[in-house]
Amino acid sequence: MMIRSLLRGPAASCALAAALFAVPSQAQTTASGFDLSVRNIMRGTELVGRSPEDPRFSADGRWVYFRWRTPASSDTLVHTYRVSVDGGAPELLPDSVADRTAPGQGDGGWDRSRTRRAIERLGDVYVVDTGGGDRRITQTPARESGAEMAADGRTVYWRSGNNVYAVSVDGGPYRQLTDIRADNAPRDPATDGQRGTLRRQQTELFDVVRDRAEAREHRERVDSLRAAVHPVYIGKNKSLASFGVSPSGRYVLLIVNEEAEGGQEVAVPFWVTESGYTESREIRTKVGDVEGTSRAALLDLQTSRLTWIEPDSALRARKISMEYMGWAPGQDRVLLAGIPYDFKDRWLYVTGPDARLTVVDALRDTAWVGGPGLYTAGWLSDDRIFFMSERTGYAHLYTTSASGGRATALTSGQWEVLDATLSPDRGTFWITTSETHPGERALYAVSANGGGRTRITPLQGWTDATVSPDGRTLAMLHSTADTPPELYLMPNQPGAQPRQVTESRTAEFRRGSWIRPEVVTFRARDGQTVYARIYRPRELGAQPHGGAVLFVHGAGYLQNAHRGWSTYFREYMFNHLLASRGYTVMDVDYRGSAGYGAAVRTGIYRWMGGKDLSDHVDAARWLVQNEGVDARRIGLYGGSYGGFITLMGLFTEPETFRSGAALRSVTDWSHYNHGYTSRILNLPQEDTLAYRRSSPIYFAEGLRGDLLMAHGMVDVNVHFSDIVRLSQRLIELGKTNWELAVYPVEDHAFVRPDSWADEYRRIYELFERTLRPDSPPLPPGNATAGR
């Protein structure tokens with residue numbers, strides 16, 4: 001389904017006819033016999049294969065379980081496999097077996113000796129141990145979650161609904177530890193006002209009334225002694241989000257979500273339904289609307305006293321959300337993280353039974369706090385904690401006293417620590433870093449006391465490693481730019497050789513002439529080094545014709561110009577197709593992308609479409625200067641944030657970009673969600689300049705080149721109404737060189753191969769029509785659109 005404007009004049013009609021003739025909808029075979037056509041490469045995992053995912057070790061460390069689909073599989077489903085760390089081929093597990101044996105969600109917390117852990121499996125709680133034991137704890141219709149093991153290994157805790165439960169691992173009845181009620185505490189109206197006055201008068205005058213009251217109070221005291229748990233009232237519109245039981249078992253740390261009242265949610269229509277009627281679903285509020293928060297409270301199980309944990313009065317107005325980071329190993333002290341509504345700070349707090357907060361680390365960013373490891377923190381010992389921070393401009397690992405004070409840096413440099421895992425003996429951190437190159441990932445070991453790092457994983461490219469519970473084995477998902485992730489196993493020691501466990505690529509995909517695109521750098525106009533992938537026609541056996549295309553990745557904070565397999569694997573193949581047709585293709589990690597530190601991450605603060613767009617303009621100039629590209633024949637395309645940049649490029653830089661395809665695009669940031677947008681642009685009612693200069697809809701009058709827009713009609717992320725509003729704006733402006741393709745059953749991320757193929761066929765046609773040597777020139781207009 002498409003709304004399409006009229007192309008201008010006979011030259012445009014000839015270009016369109018030539019493009020349609022060249023569209024690779026039929027089989028376009030390469031020298032290797034691979035069908036490099038839009039319809040074929042948009043088959044997704046059916047063509048490429050389905051890589052293994054989510055590797056998890058059994059508690060005894062002998063087996064690795066993972067989700068996978070073999071290339072020889074005749075169905076499209078992903079199944080559970082396991083493989084022994086001692087060798088052998090992967091073993092397919094029937095669903096009934098996998099449900100009973102596969103490791104559950106989360107680590108559940110080990111006991112102090114690290115011999116037992118609690119896990120959740122299909123909504124029930126289990127206890128597993130390093131000896132191979134596997135004991136089911138619950139079997140109920142309700143869904144249990146948050147399974148947690150006591151430090152002494154004798155008790156397992158979990159949450160069901162709004163309450164916390166416990167049972168001895170060695171058997172015995174379940175115990176309900178809390179009776180949390182999402183309501184205000186009841187009040188006795190008889191004690192207030194006129195009725196209270198009469199009640200007190202009766203008690204003063206009559207012995208019989210006093211005797212009855214004493215008898216009732218005695219019964220209540222006896223009943224309270226019998227009661228296993230006393231009700232605790234947390235207030236209306238609140239719910240239990242997470243919990244943690246202290247080492248002594250006396251205190252429970254509660255994280256309580258408080259829903260906002262009065263927010264207006266957007267209703268998204270679903271057009272193609274089983275009922276034949278249009279149905280709708282309320283999805284989310286828009287940025288700047290009222291938002292909920294998370295509060296922390298300490299519940300004393302002996303006294304049933306609930307104490308809300310609050311920051312000092314000067315900070316309360318900033319509406320701080322609290323996150324539970326864990327109890328100390330052997331003391332009743334808990335670590336919390338607090339982030340305010342404006343996202344400018346992150347505080348790490350320690351508190352105990354008195355609920356008084358001690359700040360042990362404070363991170364501030366005048367833009368917004370973020371980056372890798374924002375919520376990575378924990379206990380090294382009862383008196384020392386570890387955490388990750390961007391305090392130097394790059395995410396690194398630190399330790400500090402649990403009483404506060406100066407922090408010790410375990411890592412430093414102009415590279416990042418992506419994650420950190422503490423060894424069972426708490427003496428070593430296993431960290432994934434980018435120190436060899438911003439586009440590479442490898443696992444290193446560093447002492448918890450500081451010192452040098454030792455590289456463990458030897459493979460070049462992108463490695464995500466999971467360490468076994470005993471610390472002896474690594475399960476690695478490793479990829480390169482031309483090879484999707486595969487599962488490898490290796491001993492957790494330097495110099496060990498990885499063993500490849502899976503081969504996920506289909507025979508058809510392996511026939512393709514896939515390249516490892518070079519990662520190049522160029523200097524942006526402000527001196528910032530920008531990284532990009534480049535696909536050159538000659539690498540695909542083609543002659544460059546001077547046309548170029550920039551691919552713009554989505555998500556904003558995401559890295560794509562790296563040396564691993566891209567999550568945009570369809571676009572990776574499409575870029576090959578474009579290069580094989582003579583286009584030079586570049587994929588830029590623009591300002592706001594992940595992997596390059598806080599300055600790049602926050603380079604879009606208060607102006608999306610500022611430095612992130614100028615990075616693409618500078619990339620275009622670099623292509624002209626270094627790759628022989630014709631400055632009049634450069635296009636760009638991308639989805640989500642990539643679609644947004646495409647719109648800003650076509651509307652505000654028409655002399656740079658001849659044409660573009662904007663997919664599932666944000667057109668007005670005032671209509672996007674709160675969590676993402678308010679970090680970058682503040683609130684629309686308070687920072688009108690940031691929203692106005694960042695929203696393409698205000699610059700639509702600058703459109704001169706050819707624009708394709710494509711959007712799923714049931715997009716619950718960037719709502720379809722976004723592109724409808726922009727379409728109406730283009731109509732009212734009298735613009736004619738644009739088209740809108742809509743996809744009635746697709747969400748933000750397309751699912752159906754036919755939708756993918758239709759969308760990318762249109763993109764290909766657009767570039768063939770506008771960027772080839774015989775394409776019509778840019779229509780006349782103002783030299784600049786102005787911003």
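**Contacts and burial in a predicted model**

Visitor: Is R210 exposed, partly exposed or buried?
Guide: The relative accessibility of R210 is 28%. Buried means a relative accessible area under 20%, exposed means over 50%, and partly exposed is in between, with a 1.4 Å probe and protein chains only. R210 therefore counts as partly exposed.

Visitor: At what pLDDT do side-chain atom pairs count here?
Guide: Residues are numbered from 1 along each chain as its sequence is written, and side-chain values use heavy atoms, with hydrogens and water left out. The model is predicted: totals for chains, interfaces and linings use all residues, local features need pLDDT of at least 70, and side-chain atom pairs count only at pLDDT 80 or more.

Visitor: How many residues separate R664 and E759?
Guide: The side chains of R664 and E759 form a salt bridge at 3.9 Å, N to O. R664 lies in the loop between β42 (659-663) and α13 (674-681), whereas E759 is in helix α16 (residues 753-770). Both R664 and E759 are buried. This pair links distant parts of the chain, 95 residues apart.

Visitor: How many salt bridges does the count give?
Guide: Some salt bridges share partners, and these join R318, D342, D345 and R364 into one network. By the stated rule the count comes to 45.

Visitor: Which residue caps the N-terminal end of α13?
Guide: Within α13, H674, T677, S678, I680 and L681 are buried, and the buried residues pack against α14 (688-694), contact meaning heavy atoms within 4.5 Å. Just after α13, N682 takes a positive phi of about 65°. At the N-terminal end, a side-chain oxygen lies 3.0 Å from the backbone nitrogen of Y676, and that oxygen belongs to N673.

Visitor: The backbone oxygen of which residue is reached by the side chain of T652?
Guide: T652 lies in helix α12 (residues 641-652) and counts as buried, because its relative accessible area is 6%. The distance from the side chain of T652 is 2.6 Å, and the backbone oxygen belongs to M648.

Visitor: Which strands stand at the edges of the open sheet of 4 strands?
Guide: The strand order is β2-β3-β4-β5, with antiparallel pairing; two strands pair if DSSP finds at least two bridges between them. Strand β4 (residues 79-84) and β5 pair over 2 bridges, and Y81 stands opposite L92 in β5. Two strands each have a single partner, so one side of each is left without a neighbour in the sheet: β2 (50-57) and β5 (91-92).

Visitor: What distance separates the C-alpha atoms of T454 and L443?
Guide: T454 lies in strand β32 (residues 453-455) and is partly exposed, because its relative accessibility is 38%. Not counting residues up to four places away in sequence, T454 touches L443, Y444, A445 and P494. T454 and L443 are 11 residues apart along the chain, and their C-alpha atoms are separated by 8.6 Å.

How values were computed
Salt bridge = Lys/Arg side-chain N within 4 Å of Asp/Glu carboxyl O. Polar contact = N/O pair within 3.5 Å; in protein donor to acceptor, adjacent residues only side chain to side chain.
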